[in-house]
Amino acid sequence: MRIDILTLFPEMCEAVLSESILKRARGAGLVEIHCRDIRPYTKDKHHRVDDSPYGGGFGLVMQAQPVYDCYRALCAELGKKPHLIYMSPAGQTLTQQKVKALSEMDNLVLLCGHYEGMDERVLEEIVDEEVSIGDYVLTGGELPALVLADSITRMQPGVLAADEAFEKESHYDFLLEYPQYTKPPVWMNRAVPEVLLTGHHGNIDRWQREQMLERTLKRRPDLLQKAQLTAADILYLRTFPESRDCPFLTDRLADCVEDYVRTQKKVSPTSLQRKFKMEYALAVRMLDILEQRGVVSAYEKGKPRTVLPSQGEEYVEISETE
Ligand code: ADE
């Protein structure tokens, strides 16, 4: 993948791109990142790239001509029109999902504004989308462009030690990352959680998953709405008082139970209780929800409920001679 950063401050960008993992990824040819200086493209005899805004107001506005000519020179070099992102606090806020989508493109151009902004006409002419890195305003688009370039680079195959490393981390799947520990096993009287020292991978995986769930519930419950949760995940979340602020969890649990119930002919609260290791009262509640959804028949005391065929499941075969 190739990323081109169009900026008035290429050295500022190069300084960041020439360190640590970004430096290594570029050196190994896993990503190509170029910083292109906009200033040499100005036709102004004093090399100005900005001017005062029409209509008054303070500050300076970047002129259209040097930005456009810089962009055209890049297009000529690439032999095509690349996807261009203008870094702007007015853009769509960056998410890990957006990073993933962008990381699958072959070419990206990140355009950095500076000063009070950029002449709107050049934006209308060349920008495909605007991206913001958060609801705050920086002095220019360089730091946001570097944030975006960094997040995209680490998604490129071969950049991280193991490609699955990012599958377990914060935000990848709308869940926050579990806590990490390294040597020594005890520091300032604080011990590493025992399970991590056992070498039992099944238990460690379960513990890490539970930590992700608990952290997300307590710190970013808004993310849980979008996370892929199993019935076991939801039952674990329900053990925390904070889950009472997430009423959608009950519906999500009912979705999981519904998937199971549809594979059965009959179900009862006890059979659900056993299958999902849930309390009896919750199993009854699940059946009530599924009854409202028309998935199971009305409850007859003491008898299992019948699972109703789902709509559209029955069809008539028409023979060719008819
Ligand atoms: N330029 C200035 N502030 C910005 C932000 N928050 N995101 C993207 N570009 C910006």
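1. Let's start with D119: this residue is buried, with a relative accessible area of 16%. Keep in mind that we are looking at a predicted model. D119 forms a salt bridge with R121, and the closest N and O atoms are 2.7 Å apart. Is R121 buried or exposed? R121 counts as exposed, at 56% relative accessibility.

2. Side chains of opposite charge can pair when their charged atoms come close.

3. Next, have a look at R48 and D50, which form a salt bridge with 3.4 Å between the closest N and O atoms. D50 is buried, because its relative accessible area of 9% falls under the 20% cut-off. R48, with 35%, is partly exposed.

4. Now find E258 and R293, whose side chains meet in a salt bridge of 2.7 Å, N to O. Which parts of the chain does this pair link? E258 sits in helix α10 (residues 248–261), while R293 lies in the loop between α12 (280–292) and β11 (305–306). The two residues are 35 apart, and the pair links distant parts of the chain. E258 counts as buried at 15% relative accessibility, whereas R293 counts as partly exposed at 31%.

5. Salt bridges can also share partners, and R2, D4, E32, R36 and E77 are joined into one network in this way.

6. How many salt bridges does a search of the whole structure find? The search finds 21, and among them are the pairs R121 with D119, R48 with D50 and E258 with R293.

Key. Residues numbered from 1 in each chain as written. Predicted model: local features only at pLDDT ≥ 70, side-chain atom pairs only at ≥ 80, totals over all residues. Heavy atoms only, no water. Salt bridge = Lys/Arg side-chain N within 4 Å of Asp/Glu carboxyl O. Buried < 20%, exposed > 50% of the residue type's maximum accessible area, 1.4 Å probe, protein only. Helix = DSSP H or I, 4+ residues; strand = E, 2+ residues; numbered from the N terminus.
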